[in-house]
Every structure is written in C-alpha cells, then in structure tokens.
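Here is a briefing on one structure. Keep the sequence and the 3D view open while reading.

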Amino acid sequence: MLQVPMFKLTLTAIPKINSVCRCDARHAKLPAMTNTILILDGGTGRELARRGAPFRQPEWSALALIEGPQFVSAVHRAYVEAGADVITTNSYALVPFHIGVERFASEGVLLAARAGQLARDVADASSHSVRVAGSLPPVCGSYRPDLVDLDRARPILNVLIGALAPNVDHWLAETLSSLAEARLCAMLTAPTGKALWLSFTLEDDGATDASALRSGESVAEAAYLAQEVGAAALLFNCSQPEVMEAAISSARAILGAQSAIRIGVYANACPPMAADAKANSELSPIRADLTPEGYARFAAAWCAAGASILGGCCGIGPEHIAALRTGVTA
Ligand SMILES: [Zn+2]
C-alpha cells in the first residue's frame with residue numbers, strides 16, 4: 001500500500017464547464033482547491049504505437065487518426081477504464097510539421113473534428129463522468145521556444161480550435177515552452193467561452209536548480225500569466241518527474257493555498273530533452289525505472305506540494321494511470 005495522502009475523488013463534484021463569462025467563469029468552472037483529485041489520461045502517441053496502430057514519421061500520432069481511428073478510440077477507452085476523469089483529444093500532431101502543409105490545408109478541419117468526436121464518443125459512453133480536453137499543441141515544434149512564431153501559429157491554432165470546439169469541455173494548451181505561446185492560446189480560445197488549462201514543459205537537463213520553462217522564463221511568471229488570463233488550471237507536462245515538485249511549489253507560492261486555479265502535473269518517462277531537440281523526430285527511449293508504482297509515488301509528492309490534477313505524458317500509459325487512480329485517490 002502506498003503511503004499517499006488520503007484524497008477521495010468525488011465525481012459529482014466535477015461541474016460541467018459550460019459558462020459564458022470569460023474571466024470569472026474560467027475560474028468558476030472547476031472546483032477550487034478542494035480535496036478532489038482529477039485524473040488525466042497518459043500519453044497517446046506511444047500507446048498507439050504499442051498497440052500496433054499505424055505509426056510513423058512524419059505523421060506521428062496523427063497517422064492513426066487518418067488510417068486507423070479505431071486505435072484512437074481504443075486508447076481513449078483504455079484510459080477511461082484505467083480511471084481517467086479527463087481524456088485528451090488526439091490533436092497534438094495535427095499541425096503542418098507532422099501532416100504536411102497541403103494535408104493540413106485540405107484535411108485539417110476534418111481531422112481535428114474527428115479527433116474531437118472520437119474522444120467525445122468514448123467520454124459519453126463511459127459509466128463514470130469523463131470530460132474531454134481539447135489538445136492545442138506547440139505548432140512550431142515541441143520543446144523549442146526558439147522556433148515559436150506567433151504569426152505562423154495563429155491560423156493553425158484557429159483551425160484546431162474551431163474544429164475541436166463542438167466536442168471539448170475545456171482546452172488543454174500543452175507542452176508550452178514559453179509565455180508567448182500561452183498568451184496566444186488564451187487569446188484565441190477566449191471567444192469559445194470554454195475553460196483553459198495551460199500546461200508548460202519545464203527545463204529538465206539539470207543545468208539549474210530553479211524551476212524554469214524551456215524558454216528560461218520562470219514558473220512564477222507562468223503562474224502570474226495564468227492569473228492574468230483567467231486560466232482554470234496551471235499544469236506542467238512532458239518533462240521528467242524529478243523537476244515537477246519544485247515547479248508546483250513555485251506556482252503555489254504565487255497562487256496561494258486557496259487559489260481557484262488548480263495546479264497539475266503530467267510528466268514523461270523520457271530522458272532529458274536536449275535544447276536542440278528535434279520535436280518528435282524519433283521515439284526516444286523510455287526509462288525503465290518509472291514503473292506504475294514508482295510514478296504514483298512521485299504523484300503522491302506532487303499532491304502533497306499542492307497539485308490536484310495528475311496524469312501522464314510520453315511513455316506514461318494506462319497502467320500508470322490506473323496506479324494513480326488507486327494509489328493517490330483511493
Ligand atoms: Zn510528452
């Protein structure tokens with residue numbers, strides 16, 4: 001039995017996210033800092049590959065959406081069955097970088113709509129309450145703040161937002177490496193009236209002890225931005241578990257113990273990313289030490305530091321999510 005905080009998830013405490021007023025409503029749409037823990041899903045791309053779905057570069061996780069959508073549904077179902085309260089649309093690779101400029105122009109809307117519908121159908125068929133998060137990726141390349149081009153990103157994000165919106169409960173702008181990307185996502189999602197979760201990837205190469213985004217901007221600045229744009233949650237994802245607790249503490253120091261902005265983590269099982277990483281250019285090896293039980297032990301520490309949303313990113317699969325469900329929320 002894991003020595004973890006005794007949080008009890010109350011499914012009925014998860015409200016519908018459907019209000020219209022932007023700023024106040026973004027805060028009001030999720031329960032404030034209560035004793036409820038929300039469990040997210042884990043990584044999609046690697047789980048697709050593990051199940052034998054169509055998977056290759058450059059399409060990455062988008063290929064299953066194109067050639068084998070049943071695999072996408074199966075991955076969503078696996079996470080729901082593992083106990084996830086929130087599943088994420090398979091739209092991370094729906095960008096020109098992965099599917100090509102021409103295909104994005106001709107099929108981007110259709111594929112994003114399909115990603116939303118597949119997640120929605122699985123959520124609606126679940127015997128427990130499941131929400132759908134609309135994934136908004138870093139469209140100019142993951143882990144590369146130096147490649148961020150807001151003018152290029154804007155129309156791409158607008159395609160994803162427009163096509164996903166009918167089927168998502170809230171937005172999950174994820175693997176953000178800079179404040180500028182987050183600010184753009186906040187601006188573009190505002191007209192939808194749906195809550196926004198901002199999730200930043202952290203520097204994890206051990207070069208500094210301070211919690212920092214991959215841009216070098218601080219976690220404190222990210223927390224201030226989350227307040228400024230009325231985000232419902234501030235998360236940290238796709239970095240090593242070891243750097244997450246300090247980031248939670250930094251964010252909590254800015255937001256305060258009673259903040260309506262939830263803090264969350266979904267770490268990866270990858271080795272540290274190099275500063276010149278080629279985003280998803282190849283499958284990096286997965287750490288053998290991050291067993292489901294080992295990951296749940298990290299998550300227990302994250303809860304103790306103030307996180308109330310837990311999930312997994314690359315290499316964290318349904319078994320890990322099940323361990324979070326039973327270990328952290330039991
Ligand atoms: Zn990841």
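The points below cover the sheet, the helices on it, the core and some local backbone features.

This is a predicted model. An open sheet of eight strands runs in the order S1-S8-S7-S6-S5-S4-S3-S2, with parallel pairing. Its edge strands are S1 (38-39) and S2 (86-88), each of which pairs on one side only.

**Strand pairing**

- Strand S7 (residues 262-267) pairs with strand S8 (residues 309-312) in the parallel sense, over four bridges. Tyr-266 has Gly-311 in S8 as its bridge partner.
- S2 and S3 are parallel partners over three bridges. Here Thr-88 stands opposite Ala-133 in S3.
- S3 and S4 are also parallel partners, over four bridges. Leu-136 stands opposite Ala-173 in S4.

**Strand S3**

- Six of the six residues of S3 are buried, so the strand is largely enclosed by the rest of the structure.
- Both of its faces are covered. Arg-131, Ala-133 and Ser-135 are buried on one side, and Val-132, Gly-134 and Leu-136 on the other.

**Helices on the sheet**

- Helix H12 (residues 318-328) lies across S1 and S8. Its direction is at about 155 degrees to S8.

**Helix H10**

- H10 (residues 244-255) has 12 residues, which should span 16 Å at 1.5 Å a residue.
- Which residues of H10 are buried? They are Met-244, Ala-247, Ile-248, Ser-250, Ala-251 and Leu-255.
- Seen down the axis of H10, the buried residues fall within an arc of 165 degrees, so they line one face of the helix.
- The cover over these buried residues includes helix H9 (219-229), strand S6 (233-237), S7 and helix H11 (292-305).
- Gly-256 follows H10 and has a positive phi, near 85 degrees.

**Nonpolar core**

- The largest nonpolar core has 110 residues. Trp-197, Leu-198, Leu-234 and Leu-310 touch the most other members.
- Helix H6 (residues 101-125) gives this core its largest share, eight residues.
- Leu-198 touches Ala-173, Leu-176, Ala-182, Ala-226, Ala-231, Leu-234 and Leu-235, not counting residues up to four places away in sequence.

**A loop leucine**

- Leu-147 sits in the loop between S3 and helix H7 (150-164).
- Is Leu-147 buried or partly exposed? It counts as partly exposed, because it has 16 C-beta neighbours inside 10 Å, and 20 or more would be needed for a buried residue.
- Leu-147 touches Cys-140 and Gly-141, not counting residues up to four places away in sequence.

**Backbone exceptions**

- Most residues other than glycine have a negative phi, and most peptide bonds are trans.
- Thr-175 is not a glycine, yet its phi is positive, about 55 degrees. Thr-175 is found in strand S4. With 24 other C-beta atoms within 10 Å, Thr-175 is buried.
- Cys-238 is not a glycine either, and has a positive phi of about 50 degrees. Cys-238 lies in the loop between S6 and H10. With 27 other C-beta atoms within 10 Å, Cys-238 is buried.
- Where is there a cis peptide bond? It joins Gln-57 and Pro-58, with omega about 5 degrees. Pro-58 lies in the loop between helix H2 (45-50) and helix H3 (62-67).

Definitions and conventions: Residues are numbered from 1 along each chain as its sequence is written. This is a predicted model: local features need pLDDT of at least 70, side-chain atom pairs count only at pLDDT 80 or more; totals for chains, interfaces and linings use all residues. Two strands pair if DSSP finds at least two bridges between them. Helices (H or I, at least four residues) and strands (E, at least two) are DSSP runs, numbered from the N terminus. Two residues are in contact if their C-beta atoms, placed from the backbone, lie within 7 Å. Axes are lines fitted to C-alpha atoms, for helices over the stretch in contact, and angles run from 0 to 180 degrees between N-to-C directions. The expected span of a helix is 1.5 Å times one less than its number of residues. A residue is buried if 20 or more other C-beta atoms lie within 10 Å of its own, exposed if 12 or fewer, and partly exposed in between; C-beta atoms are placed from the backbone. The arc is that of the directions from the helix axis to the C-beta atoms. A nonpolar core is a set of buried Ala, Val, Leu, Ile, Met, Phe, Trp, Tyr and Cys residues joined through C-beta atoms within 7 Å.
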